[in-house]
Amino acid sequence: VKDSKGKTLEKDTDYSVKYQSGRKLPGKYAVTVTFKGNYSGEKKIYFTIVPKTTSKITSKQTTTTVTLKWNKVTGADGYVIYQKKNDDQYIKVANITSGETMSYVKNNLLDATKYTYKIVAYAKFGVNTIYGIDSAEKSVETPREEVIVNLGALTQTDSGVKGPEVITSITALTGKSEFVKPTFSKAKHS
């Protein structure tokens, strides 16, 4: 602390400092500097403690869902979950309104798609909400869903091959516009 002439003031001789209690939790707090001796007046300075960064995010995914879990952030009143698909922009997909909830399930995902998540802890302070720093990104890729279609004894026509052939199996990929060539084998006649 310096005066208007640049002289460094001595704590407890020229001024005293009082810190607001409860400064370990997220919130807005005041520091009061009270001048004394040859100086007079008082100055309040405010600072904000944001929630810590959400950490140790784990995931488990299926073809259509992902479950995220993370460590509890002390003093958090909730968490905001952000998601992006492939290289799109992040969008808010959930607002967890309890600081005691440390997991989230996202449904209706597309198979064979990369999703990236960030989790932000927040704390309520009066009518204000204080957000922490974004967590590290957690990327997951949903597995490709394979569907086996048994077509039985359908015969191939217009194949240019003498004799009937039978489609023995075909694997189709859902959600994709890909042509899958069936596998044929010679029909056995009895």
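This is a predicted model: local features need pLDDT of at least 70, side-chain atom pairs count only at pLDDT 80 or more; totals for chains, interfaces and linings use all residues.
**Entry 1: Lys118 and Asp134**

Lys118 lies in strand β9, while Asp134 sits in the loop between β10 (128-131) and β11 (138-141). The two residues are 16 apart in the chain, and I note the pair as a link between distant parts of it. I then checked accessibility at both ends. Lys118 has a relative accessible area of 16%, which is under the 20% cut-off, so I log Lys118 as buried. Asp134 comes out at 36%, partly exposed.

**Entry 2: Lys72 and Glu100**

How many salt bridges does a search of the whole structure find? I get two. Lys72 and Glu100 make one of them, and their closest N and O atoms are 2.7 Å apart. I placed Lys72 in the loop between β5 and β6, and Glu100 in the loop between β7 and β8 (103-106). This pair also connects distant parts of the chain, at 28 residues apart. For Lys72 I read a relative accessible area of 44%, partly exposed.

**Entry 3: the largest nonpolar core**

I listed the largest nonpolar core next and found 17 residues. Leu68, Trp70, Tyr79, Ile81, Tyr104 and Tyr117 touch the most other members. β9 provides the largest share, four residues. Strand β9 also holds Lys118 of the first entry.

I followed up on Tyr104. Leaving out residues up to four places away in sequence, I find Tyr104 in contact with Val66, Thr67, Leu68, Trp70, Ile81, Val93, Ala94 and Ile96.

**Entry 4: the three-stranded sheet**

I turned to an open sheet of three strands, in the order β1-β2-β3 with antiparallel pairing. Why do I log one side of β1 and of β3 as left without a neighbour in the sheet? β1 (15-19) and β3 (42-49) are at the edges and each has a single partner strand, so one side of each has no neighbour there. Neighbouring strands of this sheet are turned by 20° against each other on average, with direction ignored.

I counted the bridges between β2 (residues 27-35) and β3: there are eight, in the antiparallel sense. For Tyr29 I looked up the bridge partner in β3, and found Phe47.

Definitions and conventions
Residues are numbered from 1 along each chain as its sequence is written. Side-chain values use heavy atoms; hydrogens and water are left out. Two strands pair if DSSP finds at least two bridges between them. Axes are lines fitted to C-alpha atoms, for helices over the stretch in contact, and angles run from 0 to 180 degrees between N-to-C directions. A nonpolar core is a set of buried Ala, Val, Leu, Ile, Met, Phe, Trp, Tyr and Cys residues joined through side-chain atoms within 4.5 Å. Buried means under 20% relative accessible area, exposed over 50%, partly exposed in between (1.4 Å probe, protein chains only). Contact means heavy atoms within 4.5 Å. A salt bridge is a side-chain nitrogen of Lys or Arg within 4 Å of a carboxyl oxygen of Asp or Glu.
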